[in-house]
Amino acid sequence: MTTAPFIPETAPFSAEQRAWLNGFFAGLFSRGPAGAPAAVSAPAAPALVPLTILFGSQTGTAEGLAKRVAKEAGKRHFAATVVDLAQIDLAKLAAEKNVLLLTSTYGDGEPPDNAKTFHAALGAAAAAGDAARPLAGLRFSVCALGDTNYTQFCKCGADFDTWLDKLGATRAAPRTDCDLDYEEKFSAWLTAALSALSASAPAPSAPSAPAAGTAAPKPAAAEGYSRANPYSALLLTSRNLNAPGSGKQVHHVEFDLTGSGLAYEAGDALGVIPHNCPALVSEILIALGCDGEEGVPAPDGSTVPLRRALTEFYDLGKPSSALLSLLAPVLAGGATSAPSAVPPHHVIDVVLQARALSPNSKPTAPSAFVGALKKLQPRLYSISSSPRAHAGQVHLTVGAVRYEKDGRPRVGVCSTFLADRAQPGTSRVGVFVHANKAFRPPAAGDTPMIMVGPGTGIAPFRAFLHERRATGAKGKNWLFFGDQRGATDFLYRDELAALQREGVLTRLDLAFSRDQPEKIYVQQRMLEAAAELYAWLEAGAHFYVCGDASRMAKDVDAALHTVIERAGKKSAEEAVAYVQALKAAKRYARDVY
Ligand SMILES: Cc1cc2nc3c(=O)[nH]c(=O)nc-3n(C[C@H](O)[C@H](O)[C@H](O)COP(=O)(O)OP(=O)(O)OC[C@H]3O[C@@H](n4cnc5c(N)ncnc54)[C@H](O)[C@@H]3O)c2cc1C
Ligand SMILES: Cc1cc2nc3c(=O)[nH]c(=O)nc-3n(C[C@H](O)[C@H](O)[C@H](O)COP(=O)(O)O)c2cc1C
């Protein structure tokens, strides 16, 4: 089949673009109204398959993948449109033919913010058991993004998959559930989903278009530095912001970006590639009966010494099911003599258990061991600098994770890598920018901002304030900050005082939970200032929240509703509608983790 000649060979397009445009116009005319132009005289042209790509995304991963789906679909004779789940409702969905839905999961199995309304609506429709099967005309497939460290792994994607099916839509390709290490599964799903959706459509005619099902889409790595191709940045500073006696350890971290070409905006996050703690690696090597020099496969297929593999490439956190299966014979062998009731928290626990049960033999071969480990993943940190105020640098505000579990001290991999192990002035650390376009200071410099950022949640607001100072933006700025104790945990105290003196920080409300007998948190301060906070909202302020997702962000959201009810004299329903309107106007943004 040849492509209809709508676009002349001489037109300034590549072969691929020309093929796409020819397909597009053919599709347009072939789907046109009766009596459409005589151009329908292109009988051989393939009609484009309409495709809507829906995304639910908190920090941009699913959104980025949705755009990759669109790009790939465009090469395969689909007319693809990417749509935010916040923009869709049941009626609009029922009018679609082909849908690919990509979504992450947040909180305790909850949808990301932009998917919340539609998730609730679809769930309610599915629960109502609509016998009319309103989505009977729809074919779909779901790609769920998640993290196996959470018990509700990929729950939001699974919900959508179940409910779409229940409402009569046809599952064109099975759902895939991706861990943080999503590339392989995402690529396989994309190939399968596009093949399934194009199965009944005419075969692509453009020579440059890969046949469906044959070519895996390329990772979007090559253009500059990225997750797959991180920049090796010099660590300039890693300084504890807490005073002695604090129960916390939050570090101000600075990297040098001079000459890297790496660009970011206030509100973005930085991905950091950590190394595991060498003492932990040594302990695992001893338990495995290895010296660390054994050659094992790295994730890219090359052979590296076991010690390096465990330090740089593999995750030593929560054990994978593959590792538990690998060691099951050893663990089961000892079950009669020394059963362990405690589920292993980290890889070290399961390795020590296996060693204890089989003291005279190695629990497993080194290659099999690393083959059963997950890849070590980068961690994201909200950037706390502004490119306009801190040219050539990027700053982070990192809380060191330390706790005890099952009688053993534990540390977070990346936070303690940055706080304890990486050496300012000498260490180079792999980093990449993770854009967060939904979290930016207001475009207009005179729009007021209300920022709620307790603990490390202050990070992006330090960036916002420095940005506004650097650009001379005249809008009013109000920060709610809190932590345990004013004397030891008032992060960036001097800087904030200077910003106040200069008139950049209009108002600062503080909540130190342990400075008085009763606990006081930022949400209480919001309620105390309800009238003024509401007045700022009425004056067009943008409202931002950053920090702890598990409790703080929910409590702040509840306080915001109460403020609107009390100061705005509104019913609970009216307050919900007011907050919905803030979100719709992109005046309520959250960066929570
Ligand atoms: C968009 C985004 C922005 C972020 N911004 C920041 C920021 O600005 N500053 C910041 O400090 N962090 C930030 N984070 C969090 C950061 O990415 C890391 O998750 C955090 O630093 C912990 O990583 P880690 O490697 O040190 O710990 P890990 O090795 O990943 O260990 C953390 C895990 O340990 C376990 N754990 C922790 N405490 C306990 C406990 N008491 N009992 C039992 N188990 C426990 C939990 O399973 C937890 O998930 C952000 C995250 C996201 C997604
Ligand atoms: C605070 C927080 C909570 C999360 N909760 C879950 C969860 O309950 N289940 C899950 O599978 N993944 C969970 N994740 C992992 C995200 O779904 C995963 O990182 C995803 O790739 C993010 O995609 P996004 O950038 O498009 O939002 C959570 C991540 C964060 C930061």
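**Exercise 1. Describe the surface and the overall make-up of the protein.**

The accessible surface of the protein comes to about 26200 Å², and carbon and sulfur atoms account for 56% of this area, as computed by the Shrake-Rupley method with a 1.4 Å probe, where for residues only the protein chains shown count as cover. The model is a predicted one, in which local features need pLDDT of at least 70 and side-chain atom pairs count only at pLDDT 80 or more, whereas totals for chains, interfaces and linings use all residues. Residues are numbered from 1 along each chain as its sequence is written, chains are lettered from A and ligands numbered from 1 in the order in which they are written, and side-chain values use heavy atoms, with hydrogens and water left out.

Of the 593 residues, 50% are buried, that is, under 20% relative accessible area (1.4 Å probe, protein chains only). The secondary structure amounts to 19 helices and 21 strands, which are DSSP runs numbered from the N terminus (helices H or I, at least four residues; strands E, at least two).

**Exercise 2. Work out in what order the six strands of the open sheet are arranged, and what packs on the sheet.**

Step one: the order is 12-9-16-7-8-13, with antiparallel pairing, where two strands pair if DSSP finds at least two bridges between them. Step two: strand 12 (379-382) and strand 13 (393-399) each have a single partner strand, so one side of each is left without a neighbour in the sheet.

**Exercise 3. Identify which elements supply the shell around ligand 1, and which polar atoms approach the ligand.**

Strand 12, strand 13 and helix 12 each supply at least two residues of the shell, and strand 12 gives the largest share, four residues. A polar side-chain atom of S415 lies 2.5 Å from an oxygen atom of ligand 1, a backbone N or O atom of V413 is 2.9 Å from an oxygen atom of the ligand, and a polar backbone atom of S382 is 3.1 Å from one of its nitrogen atoms. Taken alone, ligand 1 exposes 990 Å², of which the protein buries 67%.

How values were computed. Contact means heavy atoms within 4.5 Å. Axes are lines fitted to C-alpha atoms, for helices over the stretch in contact, and angles run from 0 to 180 degrees between N-to-C directions. A polar contact is a pair of N or O atoms within 3.5 Å; within protein, one must be able to donate a hydrogen and the other to accept it, and residues adjacent in sequence count only if both atoms are side-chain atoms.
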